[in-house]
Amino acid sequence: MPLGIYISVPFCRSKCTYCNFASGVFSNTHMGHYVDRICTDIVKIRKVATDHRAVAPDPVDSIYLGGGTPSLLPPDQLTRLFAAIAQQFNIAPQAEITVECAPGTLTEPIVQSLVACGVNRVSLGVQSFIDKEAASVARLHTREKTLADIERLRSAGIRNINLDLIAGLPHQTRASWNESLQQAIATGVPHLSVYILEVDEDSRLGRELIAGGTKYHAHFVPEDDLTAEFYETACTWLNANGAQQYEISNFARRGFESQHNLKYWTRQPYLGFGVDAHSMLPATEGAESVRLATTDSFEHFFVEAEIKAVRVSAAEALEESFFLGLRLNRGVHLDQLHEQFGPELNRYKPIITELAGEGLLLQTGNVLQLTPRGRLLSNEVFEKFIQEPASTVLSR
Ligand code: SF4
């Protein structure tokens with residue numbers, strides 16, 4: 001079974017007001033030390049896995065640099081990261097190698113170094129093609145810069161490009177959302193991700209919305225019903241334009257689905273390095289798995305060398321199989337889950353019946369899928385599949 005590798009690069013030029021990731025505007029002088037620490041972890045990770053009775057399989061068929069803004073790393077640091085991976089792992093010849101980039105950061109030397117490092121897929125955090133909307137959440141790019149970046153990538157041979165859009169940004173209207181969508185479709189990129197603005201205490205905009213205030217243009221955020229309509233429009237238009245929805249937030253032309261993200265949704269093994277990165281590996285025996293995690297604090301990352309481990313029981317793995325697998329339009333196969341987890345599956349029959357009765361799930365033979373309404377209310381569906389936590393902490 002092949003392996004995926006994720007590297008978190010938490011450096012950003014500005015902190016977007018909606019962002020709830022472990023990222024920030026940290027001095028560039030930290031970049032070298034940050035890459036040092038990741039290279040050290042890459043060298044020791046197999047031993048850490050073995051110590052926790054887990055296996056890191058071979059070869060690596062997906063690498064993903066996310067963040068943060070990995071395209072802010074200078075070319076020599078990017079090269080060091082990829083060289084460290086290549087020294088420790090066998091990379092499959094057809095491996096999907098993705099780097100997340102902020103539009104406006106793709107200078108010619110950066111694009112050339114991406115190509116030299118073997119990067120064959122780029123994900124651009126566009127969020128909106130309407131400059132006023134992008135600026136209102138502290139994005140630093142314009143539509144013009146984004147379109148120029150797409151052309152620069154294509155000229156360099158990178159045609160597998162994803163664009164991220166967010167429905168529910170301040171100032172977004174039906175007309176402006178349609179314009180962003182039309183522009184995204186017109187670029188002809190083979191993959192699009194459409195997220196609904198998350199409102200939680202972990203972002204400045206989220207906190208302001210919860211408080212009912214007006215900072216960060218919070219009072220210009222569209223109503224939930226309108227944002228839901230934006231999402232539904234995106235589903236209709238993207239499907240009609242050849243980018244088929246294959247996951248709640250993801251749309252792709254055939255053959256361009258994100259191989260790396262599919263690993264998360266299908267519980268395939270992956271290793272994560274950097275601030276707030278997680279790994280999921282099969283245990284050496286049984287249906288259990290092991291999760292590894294690093295600190296989510298940038299400051300602690302440099303002094304806290306330990307990688308923590310948590311053993312995931314078979315019951316929790318089944319839970320995860322439901323709420324991750326149901327994200328995919330193809331759904332989950334109940335017969336396969338039964339083969340893997342046995343009668344434990346029966347515990348979920350009443351929940352499935354209840355959610356199907358509410359029109360949120362659809363069962364066709366052995367296949368269980370979210371309905372379109374279930375995709376809109378997916379968090380409510382997933383909550384039903386989550387039981388009391390029972391993980392055994394292996395180390396702290
Ligand atoms: S660029 Fe991405 S990671 Fe950085 S602040 Fe903005 S949303 Fe967050």
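**Entry 1: Lys 384 and its partner**

I began with Lys 384, which is partly exposed at a relative accessible area of 35%. I kept in mind that this is a predicted model. Which residue forms a salt bridge with Lys 384? I found Glu 354, with the closest N and O atoms 2.9 Å apart. The pair links distant parts of the chain, 30 residues apart. Lys 384 sits in helix α15, residues 378-385. Glu 354 sits in helix α13, residues 349-357. I then looked up how open Glu 354 is, and it is partly exposed, with a relative accessible area of 35%. I noted the general idea here: side chains of opposite charge can pair when their charged atoms come close.

**Entry 2: Helix α13**

Which residues of α13 are buried? I listed Ile 351, Ile 352 and Leu 355. Seen down the axis of α13, these buried residues fall within an arc of 100°, so they line one face of the helix. I turned to the face pointing away from that buried side. There I found the exposed residues Lys 349, Pro 350, Thr 353 and Gly 357.

How many salt bridges does the structure hold? I noted 18. I followed the one between Asp 36 and Arg 80, whose side chains meet at 2.5 Å, N to O. This pair also links distant parts of the chain, 44 residues apart. Asp 36 is in helix α1, residues 31-51, and Arg 80 is in helix α2, residues 75-88. Are the two buried or partly exposed? Asp 36 is partly exposed, with a relative accessible area of 32%. Arg 80 also counts as partly exposed, at 32% relative accessibility.

I stayed in helix α1 for the next one. Asp 41 forms a salt bridge with Lys 44, the closest N and O atoms lying 3.9 Å apart. The two are three residues apart in α1, which means they are separated by about one helical turn. I compared how open they are. Asp 41 is buried, with a relative accessible area of 1%, whereas Lys 44 is partly exposed at 29%. I also saw that Arg 37, Asp 41 and Lys 44 are linked in a network of salt bridges.

**Entry 3: Around the ligand**

I moved on to the ligand. The residues around it are Cys 12, Ser 14, Lys 15, Cys 16, Tyr 18, Cys 19, Phe 21, Ser 23, Gly 67, Gly 68, Thr 69 and Arg 139. How is this shell divided by class? I noted five nonpolar, five polar and two charged residues.

**Entry 4: Cysteines**

Cysteines in the shell made me look up disulfides. A disulfide is a covalent bond between the sulfur atoms of two cysteines. How many disulfides does the count come to? I noted zero. Cys 12 is buried, with a relative accessible area of 12%. Cys 235 is buried as well, with a relative accessible area of 12%.

Technical notes. Residues are numbered from 1 along each chain as its sequence is written. This is a predicted model: local features need pLDDT of at least 70, side-chain atom pairs count only at pLDDT 80 or more; totals for chains, interfaces and linings use all residues. Side-chain values use heavy atoms; hydrogens and water are left out. A residue is near a molecule or strand if one of its heavy atoms lies within 4 Å of it. Ala, Val, Leu, Ile, Met, Phe, Trp, Tyr, Cys and Pro count as nonpolar, Asp, Glu, Lys and Arg as charged, and the others, Gly among them, as polar. A salt bridge is a side-chain nitrogen of Lys or Arg within 4 Å of a carboxyl oxygen of Asp or Glu. Helices (H or I, at least four residues) and strands (E, at least two) are DSSP runs, numbered from the N terminus. Buried means under 20% relative accessible area, exposed over 50%, partly exposed in between (1.4 Å probe, protein chains only). The arc is that of the directions from the helix axis to the C-beta atoms. A disulfide is a pair of cysteine sulfur atoms within 2.5 Å.
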